[in-house]
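Have the sequence and the 3D view open as you go.

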Amino acid sequence: ADPDGGFPSPEDPRGQAAYPGFRGYARAQTLSGEFGVFTLKPGRVPDGEGGWQAPHVDVSVFARGLLDRVVTRIYFADEADANAADPVLQALPEDRRQTLLATPTGDGYRFDVHLQGQRETVFFAV
């Protein structure tokens with residue numbers, strides 16, 4: 001979503017996003033294990049039940065050795081009030097929510113994906 005929570009699609013029932021150059025998706029390739037995506041911070045979007053989802057980015061991870069992609073979300077640690085009301089985050093055990101939070105840095109946010117282990121990122125069945 002764009003900063004207003006809109007999508008650059010004529011199918012968005014709230015109207016098409018109007019941020020020049022915003023496509024609503026990005027791709028990043030890595031050989032070192034690090035990646036960077038430069039985009040707009042998304043706004044809140046409706047949850048389909050009359051409430052709102054916290055700002056987040058949907059992410060698909062493809063990697064050698066994975067037969068299918070894994071899907072997760074990136075939420076923003078500095079959106080505490082919105083995160084506390086997000087139905088997806090609230091459906092997760094409290095100790096697992098932290099794996100979906102990007103932390104602010106000097107020039108954006110940092111989000112680490114862990115495919116396995118004690119700090120494994122929460123992945124969703126889609």
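This is a predicted model: local features need pLDDT of at least 70, side-chain atom pairs count only at pLDDT 80 or more; totals for chains, interfaces and linings use all residues.

Residues are numbered from 1 along each chain as its sequence is written, and side-chain values use heavy atoms, with hydrogens and water left out.

**The sheet**

Start with the open sheet of four strands, in the order β3-β4-β5-β6 and with mixed pairing. At the edges sit β3 (56–61) and β6, each pairing on one side only. From one strand to the next, the twist averages 40 degrees (axes are lines fitted to C-alpha atoms, and angles run from 0 to 180 degrees between N-to-C directions). Strands here are DSSP runs of E, at least two residues, numbered from the N terminus, and two of them pair if DSSP finds at least two bridges between them. In general, strands of a sheet pair through backbone hydrogen bonds, either parallel or antiparallel.

| Strand pair | Sense | Bridges |
|---|---|---|
| β3 and β4 | antiparallel | six bridges |
| β4 (residues 70–76) and β5 (residues 101–105) | parallel | two bridges |
| β5 and β6 (residues 108–110) | antiparallel | three bridges |

For landmarks, V57 has I74 in β4 as its bridge partner, F76 stands opposite A102 in β5, and T103 faces R110 in β6. β5 and β6 also form a hairpin, with two residues between them.

**The cores**

Which residues make up the largest nonpolar core? There are eight: A54, Y75, A82, L89, L92, L100, L101 and V122. Another core, of six residues, lies apart from it, with V59, V61, V70 and A102 among them. A nonpolar core means buried Ala, Val, Leu, Ile, Met, Phe, Trp, Tyr and Cys residues joined through side-chain atoms within 4.5 Å; buried is under 20% relative accessible area, using a 1.4 Å probe and protein chains only.

Not counting residues up to four places away in sequence, L101 touches Y75, F76, A77, N83, R110 and F111 (contact means heavy atoms within 4.5 Å).

**D2**

Now look at D2, in the segment before β1 (45–46). D2 counts as buried because its relative accessibility is 2%. Its side chain reaches the backbone nitrogen of D4 at 2.8 Å. Leaving aside neighbours within four places in sequence, D2 is in contact with A17, A18, Y19, F22, K41, P42 and G43.

Technical notes:
Buried means under 20% relative accessible area, exposed over 50%, partly exposed in between (1.4 Å probe, protein chains only). A polar contact is a pair of N or O atoms within 3.5 Å; within protein, one must be able to donate a hydrogen and the other to accept it, and residues adjacent in sequence count only if both atoms are side-chain atoms.
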